[in-house]
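Please open the model in your viewer and keep the sequence panel beside it.

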Amino acid sequence: MKGNLVFTATTLRKIALLGILSLSLIACGKAKSGEGSSTGSQATTKQESDGTAKQEENGSSDQKADNKDNKIPLRVIANNNNVAHIDSVIAQYAGLYDKNGLDTTIQFNPSNPDNIQALLADKADLVSAGSSAVLNYIDNGSDIVIIGGQMSLGETVYVRPERAEEFKDLYNPNTLYGKKVGVTRLNTGDVAFRKILKDKGLDLSKIEFVELDSQATVTQAVLKGDVDLGINFLTFRDGAEKQGLVPVSQLDAEDEWPDYICCRLFTTRDKLKENREAYVDALKANIEAYSLLENDKEAAEKAARQGIDLDDDAYQKQVYQYGHLGLSPNPDRKNTKAFFQAMVDIGYSKGNVNIDDYIDTTVFEDALNELIKENPDNKTYQALKAESESTNQ
């Protein structure tokens, strides 16, 4: 019997030993039937007959009938208006959290600091945020544990079309020295680009990084000629290209950083200790969502579009057409450590902690192993297993 976010598993076992577990379950069932449904329950019921059923054909876990009236509450926060946190969005609106025994509510907020603060203030239980933000919180003393991935890659370096040839040999010192690069500070692309430059031996002090207040401002700065290059997140790629900008790097080439991470999925250490099985179930749902995204695009889109504010064209471009995007739920210890080290190397973090101590890959691994046991023929699960073995050791 799992605990919930108020009572630990140990407490429930003590209740069981007192012989009153069955009575408490009956009472809980009655209370649930008399309460209004949570946001998650309302949102997921509609999907159970289509998206979830299709996912079960691909090997998702059996419905947990014994938890039907006693699901574990879990408050999820993700970003919106883009695909960065699409695994959690699909898990919610395709009913996968519900199917795995969780009674979830989901909130959308584009502010990484706000979302992390909500977790620390016990106003949320499972949060996604940009890697640089969560790693800095950890480095500054927050006892946060990364348990899953949401997105990797997704950043583009843009110039005006008439200058594309000028930046063809992008990492030549003669190309970049004296140039202005528009960035939003601590954005994934900002960190990745500076790390790549440093690894190639370029002197960052000879390049002017113009720190702007938003991705949209970066685009406008490049268009106006206020900066020579600009780095934008995937969400702004379509707008930048429609206004005439062209990419000169996606930052993920073999001679750049082919597997840099972006958004991570995390909770606090205390929450994880008290309700670990609930987080395993949440990761199962996110893995199933990723499988749905790969194997049943129609069902995935039907669920995702309930939480992602994009038109059809933008959704298809971002998820399936652009490339240079990873949506794996794998926490990726190897590249999370590399990203943190990059932040230290370029002076964005102090390196106060051993980041290894704040990455728990076993939650993802246990969730994945359960799913593989239930459906060993699911190719997505097998690919994730191989990915995990190469990045989480």
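**Two crossing helices**

Select α8 and α17, whose axes come within 10 Å and cross at roughly 75° (axes are lines fitted to C-alpha atoms, for helices over the stretch in contact, with angles running from 0 to 180 degrees between N-to-C directions). That angle makes α8 roughly perpendicular to α17, a label given to angles of 65 to 115 degrees. To see the contact (heavy atoms within 4.5 Å), show S131, S132, L135, N136 and D139 of α8 together with T336, F339, F340 and M343 of α17. Helices here are DSSP runs (H or I, at least four residues), and strands likewise (E, at least two), numbered from the N terminus.

This is a predicted model, in which local features need pLDDT of at least 70 and side-chain atom pairs count only at pLDDT 80 or more, whereas totals for chains, interfaces and linings use all residues. Residues are numbered from 1 along each chain as its sequence is written, and side-chain values use heavy atoms, with hydrogens and water left out.

**Around α8**

Buried means under 20% relative accessible area, exposed over 50%, and partly exposed in between (1.4 Å probe, protein chains only). The cover over these residues includes α7 (112-120), β3 (126-129), β4 (144-149), α10 (188-199), β11 (264-268) and α17 (333-345). Just after α8, select G141, which takes a positive phi of about 110°.

**Along α17**

Move to α17, where the buried residues are R333, N335, T336, F339, F340, A342 and M343; these pack against α8, β4, α10, β11 and α19 (379-391). After this helix comes G347, with a positive phi near 85°.

**Charged pairs**

Finally, turn to the salt bridges, of which the structure holds 24 (a side-chain nitrogen of Lys or Arg within 4 Å of a carboxyl oxygen of Asp or Glu). Select K271 and D125, whose side chains meet in one at 2.9 Å, N to O. Since K271 lies in helix α13 (residues 269-274) and D125 in the loop between α7 and β3, the pair ties together parts that are 146 residues apart in sequence.

Definitions and conventions
Angles under 35 degrees count as roughly parallel, over 145 as roughly antiparallel, 65 to 115 as roughly perpendicular and the rest as oblique.
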